[in-house]
Amino acid sequence: METGRKPRKLPEQIADKLREMIIQESMKTGSKLPAEAELMARFGVSRSTVREAVKILQTEHIVDIRQGQGTFLCAMPGLAEDPLGLRFADQEELIAQLLETRLLIEPGVAALAATRRRADQLAEMKQLLDKMDNAYLHGEDYTPFDFEFHSLIARCTGNDVVMRLLPTIHESIQAGYHHTQRVEGSYQRASQCHLEMYRSIAEGDSDRARQAAQRHMIQTMHDSGVDVPGVLLR
């Protein structure tokens, strides 16, 4: 006797349709999904079914339900807060491994960004550098701008897979900040590397962008007390 797959429940089927709607309509980050009544009419189902379907998407980190405001598309749909399970990694080794990963990835990302960046992205990049410096000078946490700067370089590549590697980079920036904030001259060295990355990307110089990103990561690893594998310097 053959046993087929268990029939999918109606809320799961509607969740599938909602995913298709988001993709087909090319909904952007922060976009508001149609109201419950509209979704009920669109799919011919009850309010409770729509709500259950939306909750499924919420657990998958596709949508964000804001009480009294509606349902909105997440910044990185489908990407969990800790997609690589870094909370379960050896925390003593994590900072070194995160920085090593960045050294492997970011030079190539910067090189590709130099060939694909747009004028508006360059203007935003310069603004982020200014905001970073301003926050540092006022003794404020500059890491949100640091993260946005590296995020923007990744966005310049136009490669969605690169964008989905950013949580690893973000973890590294936050962890690295606590390791380097008391190291004299660390911010100034990082700032100089950021400026060189920006200039080389603006000028479309892939080789220089790659070298600037590599120098930035090596400097960060040194300031964090992390050994740089010699094989990665060849």
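Reader: Hi! How do the lining residues of the second largest cavity divide by class?
Author: That lining has 7 nonpolar, 1 polar and 1 charged residues. Nonpolar covers Ala, Val, Leu, Ile, Met, Phe, Trp, Tyr, Cys and Pro, charged covers Asp, Glu, Lys and Arg, and polar covers the others, Gly among them. This is a predicted model, where local features need pLDDT of at least 70 and side-chain atom pairs count only at pLDDT 80 or more, while totals for chains, interfaces and linings use all residues. Residues are numbered from 1 along each chain as its sequence is written, and side-chain values use heavy atoms, with hydrogens and water left out.

Reader: Thanks! Which residues line that second largest cavity?
Author: Ile105, Glu106, Val109, His150, Ile153, Ala154, Val162, Leu166 and Ile169 line the second largest cavity. Helix H4 (91-116), H6 and helix H8 (166-180) each give two or more residues to this lining. Helices (H or I, at least four residues) and strands (E, at least two) are DSSP runs numbered from the N terminus.

Reader: How much space is in there, and how many cavities of 30 Å³ or more turn up?
Author: The second largest cavity holds about 50 Å³ of space, and the whole structure has 3 cavities of 30 Å³ or more. On a 1 Å grid over the protein atoms alone, a cavity is a set of points where a 1.4 Å probe fits but cannot get out; a pocket is an open set with protein on both sides within 12 Å along at least five of seven lines, and lining residues have an atom within 4 Å of a point.

Reader: On to pockets, then. What lines the second largest pocket?
Author: There are 16 lining residues, and Glu36, Val54, Ile65, Gly70 and Thr71 lie nearest the centre of this pocket. Helix H2 (36-43), helix H3 (47-59), strand E1 (63-66) and strand E2 (70-73) are the elements that give two or more residues to the lining.

Reader: Which of those gives the most?
Author: H3 does, with 4 residues. By class, the pocket lining has 7 nonpolar, 4 polar and 5 charged residues, and the volume of the second largest pocket is about 370 Å³.

Reader: New topic: how do H6 and H9 run relative to each other, parallel or antiparallel?
Author: The axes of helix H6 (residues 143-156) and H9 cross at roughly 25 degrees and come within 12 Å. H6 and H9 are therefore roughly parallel (under 35 degrees; over 145 is roughly antiparallel, 65 to 115 roughly perpendicular and the rest oblique). Asp146, Phe149, His150 and Ile153 in H6 meet His194, Met197 and Ile201 in H9. This contact has 4 nonpolar, 2 polar and 1 charged residues.

Reader: And what angle do H9 and H10 make?
Author: Helix H9 (residues 186-202) and helix H10 (residues 206-223) have axes that cross at roughly 165 degrees and come within 8 Å. H9 and H10 are therefore roughly antiparallel. Their contact residues divide into 7 nonpolar, 5 polar and 6 charged.

Definitions and conventions. Axes fitted to C-alpha atoms, helices over the stretch in contact; angles between N-to-C directions. Contact = heavy atoms within 4.5 Å. Points joined across faces, edges and corners; volume = space filled by probe spheres on them.
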